[in-house]
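I opened this entry to look up a few residues and the cores. My notes follow.

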Amino acid sequence: MSGRPKTPLVLGATEREQLIALTKRRKTAQALALRARIVLACAEGLDNKVVAARLRVTQQTVSKWRGRFVELRMQGLLDAPRPGAPRTIEDERVDAVIAKTLESVPVGATHWSTRTMAHAMGMSQTAVSRIWRAFGLQPHRQETFKLSSDPLFVDKVRDIVGLYMDPPVKAMVLCVDEKSQIQALDRTQPILPLAPGIPERRTHDYMRHGTTTLFAALDIA
């Protein structure tokens, strides 16, 4: 049995440009970007089931945002107003907070806090916290990654791990780490910036600039 026929979803040139921009713009919330991708896929004439499989969402999600767009166009992709007191912060100020969070850092600090952002934008910490939470921004979080081009990388890792797991007979294995932040002036790979729903990511290794500490192991027995 076939389902109820769906209203054709046809995009105007301006709407298509706006939707594509939402999927590419760094300051777009991930939820809104997903809704834009759903509408663009539906506009290709694809069935809801195919769109759901492609974007890894449920058919109900596709049906919901397809229907909202057909009825309300671009405004339909926004969250419905919630009950309670009306908002007191305009969209322009919200956008300014997001842009400042993503594209700058405060003087003398590595990242924004709710306190420093509130002071810079002239609003309360609670307001900043709500905006960050709504757009999935977490400036205090960082993740590390490592992409090695060394063809012997796996073999070297196995050697080091094997030394810890099965040290030589009558041997003591020590691990000593320097104060890495003293030398971490340049990372070996570019930092991947903060984005909505994604923390800043940087490599755990760095370019060495000289030696600050020397260690010696002496057999004096």
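Is Glu15 buried or exposed? I found Glu15 buried, because its relative accessible area is 16%; buried means under 20% and exposed over 50%, with partly exposed in between (1.4 Å probe, protein chains only). This is a predicted model, where local features need pLDDT of at least 70 and side-chain atom pairs pLDDT 80 or more, while totals for chains, interfaces and linings use all residues. Residues are numbered from 1 along each chain as its sequence is written, and side-chain values use heavy atoms, without hydrogens and water.

I placed Glu15 in helix H1, residues 13–24. Helices here are DSSP runs (H or I, at least four residues), numbered from the N terminus. Leaving aside neighbours within four places in sequence, I listed Val10, Phe69, Arg73 and Met74 in contact with Glu15, contact being heavy atoms within 4.5 Å.

Next I looked up the cores. A nonpolar core is a set of buried Ala, Val, Leu, Ile, Met, Phe, Trp, Tyr and Cys residues joined through side-chain atoms within 4.5 Å. The largest has 18 residues, and Leu11, Leu19, Val39, Val62, Phe69 and Leu77 touch the most other members. H1, H2 (30–43), H3 (48–55) and H4 (59–72) each supply at least two residues of this core. H2 gives the largest share, seven residues. I also noted a second, separate core of 14 residues, which includes Ile98, Leu102, Ala118 and Ala127.

Last, I found Thr110 in the loop between helix H5 (91–103) and helix H6 (114–121). Thr110 counts as exposed because its relative accessibility is 63%. I read 8.9 Å between the C-alpha atoms of Thr110 and His140, which lie 30 residues apart along the chain.
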